[in-house]
Amino acid sequence: MPSTQRIDVKQAFAAAKQFYVGLFPQRALGVQLEEVEQSQDGKYWLVTLSYRPTTAGEVFQKGLPLRGEYKVFQV
């Protein structure tokens with residue numbers, strides 16, 4: 001039987017960040033929380049993270065801008 005226990009906002013953020021870092025450890029520079037909201041049906045948290053898609057070494061060697069990218073995770 002599936003659990004009906006809900007997680008709180010902090011747990012949703014931690015889960016989203018852990019998932020992203022687990023998939024892309026080399027790209028996990030400066031992962032930050034941007035926004036959290038509930039889905040329309042109230043079953044999920046929609047967690048928006050910002051992150052830098054390159055490593056610090058690449059940014060400084062290539063003179064790349066420190067612009068971030070965004071990703072929404074459904075937790």
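**Close-up views of a predicted model**

**View 1. The sheet.** Three strands, in the order β1-β2-β3, make up an open sheet with antiparallel pairing. At its edges are β1 (29–38) and β3 (69–74), each of which pairs on one side only. From one strand to the next the twist averages 25°. Helices (H or I, at least four residues) and strands (E, at least two) are DSSP runs, numbered from the N terminus, and two strands pair if DSSP finds at least two bridges between them. This is a predicted model, in which local features need pLDDT of at least 70 and side-chain atom pairs count only at pLDDT 80 or more, while totals for chains, interfaces and linings use all residues. Residues are numbered from 1 along each chain as its sequence is written, and side-chain values use heavy atoms, with hydrogens and water left out.

**View 2. The pairing of β1 and β2.** Seven bridges join β1 to strand β2 (residues 45–52) in the antiparallel sense. Val36 stands opposite Val47 in β2.

**View 3. The helix on the sheet.** Helix α1 (residues 9–23) lies across β1, β2 and β3 and runs at about 45° to β2. Axes are lines fitted to C-alpha atoms, for helices over the stretch in contact, and angles run from 0 to 180 degrees between N-to-C directions. Ala12 touches Ile7, Trp45, Val47 and Val75, not counting residues up to four places away in sequence; contact means heavy atoms within 4.5 Å.

**View 4. The largest nonpolar core.** Nine residues form this core: Ala12, Ala16, Tyr20, Val31, Trp45, Val47, Leu49, Tyr51 and Phe73. The elements giving two or more residues to the core are α1 and β2, and β2 provides the largest share, four residues. A nonpolar core is a set of buried Ala, Val, Leu, Ile, Met, Phe, Trp, Tyr and Cys residues joined through side-chain atoms within 4.5 Å. Buried means under 20% relative accessible area, exposed over 50%, and partly exposed in between (1.4 Å probe, protein chains only).

**View 5. The aromatic pairs.** The structure holds four aromatic pairs. Phe19 and Phe73 form an edge-to-face pair, 6.1 Å centre to centre with 80° between the planes. Phe19 lies in helix α1 and Phe73 in strand β3, so this pair ties together parts 54 residues apart in sequence. Phe19 is partly exposed at 49% relative accessible area, whereas Phe73 is buried at 10%. Rings of Phe, Tyr and Trp (its six-membered ring) pair if their centres lie within 6.5 Å; planes under 30 degrees apart count as stacked, over 60 as edge-to-face and the rest as tilted.
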